[in-house]
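Please go through the model below with the sequence at hand.

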Amino acid sequence: MITALDHIAIAVPDLEKAVTRFLTDFGLQHEGNEVVEAAQTMTAFFSVPKTHIELVHPLDGGGPIATYLEKKGGGIHHLCFRTDDIDADVARLRAKGYQFTSDGPTRGAHGARVIFIHPKSCDGVLIELSQPAEGTK
Ligand code: CO
């Protein structure tokens, strides 16, 4: 079951500059940076009451975010819904004809299990489902 809008991710060409903007200019609490190997990204999370903003930047200059930045230069990349049972939601949505970008969930930031619904199944918007690791929120 979907339980919350977990975060909104923004692809950024200069991670340090963007972190400074959200931390210093906007005054949000920086929760830290994290490498997400499976996505080939370095991420930075900021807490906003009830949700988060995720900055995503290529880890080693490659991967899907690098391609996105080359094409678009930056921008809103995906919406993420939190779920309390990702396997059940994937099965339920697959049965309705939704297409996913991978066969099953992979490991995302904070140890969450994540999967992406293909944009062509959601009017051009990339939507992530995320089940937080036990003991996190
Ligand atoms: Co995300």
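A residue counts as buried when its relative accessible area is under 20%, and as exposed when that area is over 50%; anything in between is partly exposed. The model discussed here is predicted. Glutamate 128 has a relative accessibility of 6% and is therefore buried. Histidine 78, with a relative accessible area of 4%, is buried too.

Both residues belong to the metal site. Which protein atoms are the donors of the cobalt ion? They are NE2 of His7, OE of Glu54, NE2 of His78 and OE of Glu128, at 2.1 to 2.4 Å from the ion. Along the chain these donors follow the spacing H-x46-E-x23-H-x49-E. Histidine 78 in strand β5 (residues 75-83) and glutamate 128 in strand β8 are 50 residues apart, and the pair links distant parts of the chain. The angles among the four donor atoms run from 78 to 164°, and the site is irregular. Four donors count as tetrahedral if all angles lie between 85 and 135 degrees. The ideal angle for four tetrahedral donors is 109.5 degrees.

The strands that carry histidine 78 and glutamate 128 are part of an open sheet of eight strands with mixed pairing. Its order is β2-β3-β4-β1-β5-β8-β7-β6. The edge strands, β2 and β6, each pair on one side only. Strands in a sheet pair through backbone hydrogen bonds, in either a parallel or an antiparallel sense.

Towards the β2 end of this order, β3 and β4 are antiparallel and share eight bridges. Phenylalanine 46 has isoleucine 53 in β4 as its bridge partner. At the β6 end, strand β7 (residues 113-117) is joined to strand β8 (residues 127-131) by five bridges, and the two run antiparallel. Within this pairing, isoleucine 115 stands opposite leucine 129 of β8. Strand β7 also pairs in the antiparallel sense with β6 (residues 106-107), over two bridges. Arginine 107 has arginine 113 of β7 as its bridge partner. β6 and β7 form a hairpin with five residues between them, and histidine 110 in the turn has a positive phi of about 60°.

Is threonine 83 buried or exposed? Its relative accessibility is 2%, so it counts as buried. A polar atom of its side chain lies 3.0 Å from the backbone nitrogen of aspartate 85. Setting aside neighbours within four places in sequence, threonine 83 is in contact with several residues, including Met1, Ile2, Thr3, Asp89 and Leu129.

In helix α2 (residues 64-72), the buried residues are Ile65, Ala66, Tyr68 and Leu69. Viewed down the axis of α2, these residues fall within an arc of 160°, so they line one face of the helix. An α-helix has 3.6 residues a turn, so residues three or four places apart point the same way. The buried residues of α2 are covered by elements that include β1 (2-11), β3 (41-48), β4 (51-58) and β5. On the face turned away from the buried side, α2 carries the exposed residues Pro64, Glu70 and Lys71.

In helix α3 (residues 86-95), Ile86, Asp89, Val90 and Leu93 are the buried residues. They fall within an arc of 100° when seen down the axis of α3, so they too line one face of their helix. These residues pack against β1, β5, β7 and β8. Asp89 is also one of the contacts of threonine 83.

Some backbone angles remain. Most residues other than glycine have a negative phi. Glutamine 40 is not a glycine, yet its phi is positive, about 55°. Glutamine 40 lies in the loop between β2 (29-36) and β3, and its relative accessible area of 39% makes it partly exposed. Aspartate 123, again not a glycine, has a positive phi of about 55°. Aspartate 123 is found in the loop between β7 and β8, and it is exposed, with a relative accessible area of 82%.

Notes. Residues numbered from 1 in each chain as written. Predicted model: local features only at pLDDT ≥ 70, side-chain atom pairs only at ≥ 80, totals over all residues. Heavy atoms only, no water. Pairing = 2+ DSSP bridges. Helix = DSSP H or I, 4+ residues; strand = E, 2+ residues; numbered from the N terminus. Donors = N, O, S within 2.8 Å, 3.2 Å for Na, K, Ca; no water. Tetrahedral: all angles 85-135°; square planar, octahedral: opposite > 155°, others 65-115°. Buried < 20%, exposed > 50% of the residue type's maximum accessible area, 1.4 Å probe, protein only. Polar contact = N/O pair within 3.5 Å; in protein donor to acceptor, adjacent residues only side chain to side chain. Contact = heavy atoms within 4.5 Å. Arc of directions from axis to C-beta.
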